[in-house]
Amino acid sequence: MAMRWMFWAAFASLLLDQASKYLVIHWMQLWRLRSIDVLPPLLNFRYAENRGINFGLFGDGTDAMRWILIGVSLVICVAVAIWIRGWHPSRWMQLSAGLVIGGALGNVADRLLYGYVLDFLNMSCCGIRNPYSFNVADIFIFAGAAGLILFENRDKKAA
């Protein structure tokens, strides 16, 4: 029961990520349109298939790399869950861990379903054009990692 916040945060972030991808990519047909300006240049939907990690790194497109990245993501999920159990984590630490896990599982689901991660969010500002797209899972992973750093309290380590 102690880790319920982590579980529910992971479940909610996985669900929100997959729902956002279904809504934008399939229902709004971004896969066909390739581009939808929402609030240009701040927020645009740009269809992208990411076969690697951030910014397409390690994205050689091979099936072996797909399975390696799935394995690495699952190992990270298990490692975060084990690491957080070694503490008496606050609710914020549990939520942060859940965001990392749920976001990673959202991208794993994409790799299993499509062979790549669906990205669609693109943000630019101040005359700088950002060529990269990301997704809601990436936001959750970033926010969760930041939360794990900000809310860590080493004084509460379990015996």
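These legends describe close-up views of a predicted model.

**View 1. Helix H1 packs against helix H5.** H1 covers residues 4-27, and H5 covers residues 136-150. Their axes lie 8 Å apart. The packing angle is about 150°. H1 is therefore roughly antiparallel to H5, since angles over 145 degrees count as such.

**View 2. Residues at the contact of H1 with H5.** H1 contributes Ser13, Leu16, Asp17, Ser20 and Lys21. From H5 come Val136, Ala137 and Phe140. By class, the contact residues comprise 4 nonpolar, 2 polar and 2 charged.

**View 3. An open sheet of 3 strands.** The strand order is S1-S2-S3, with antiparallel pairing. Strands of a sheet pair through backbone hydrogen bonds. S1 (35-39) and S3 (117-122) are the edge strands. Each of these two pairs on one side only. From one strand to the next, the twist averages 30°.

**View 4. Strand S2 beside strand S3.** S2 spans residues 43-50. It runs antiparallel to S3. How many bridges join S2 to S3? There are 5.

**View 5. Helix H4 lies across S2 and S3.** H4 is formed by residues 91-114. Its direction makes an angle of about 125° with S3.

Conventions:
Residues numbered from 1 in each chain as written. Predicted model: local features only at pLDDT ≥ 70, side-chain atom pairs only at ≥ 80, totals over all residues. Heavy atoms only, no water. Axes fitted to C-alpha atoms, helices over the stretch in contact; angles between N-to-C directions. Helix = DSSP H or I, 4+ residues; strand = E, 2+ residues; numbered from the N terminus. Parallel < 35°, antiparallel > 145°, perpendicular 65-115°, else oblique. Contact = heavy atoms within 4.5 Å. Nonpolar A, V, L, I, M, F, W, Y, C, P; charged D, E, K, R; others polar. Pairing = 2+ DSSP bridges.
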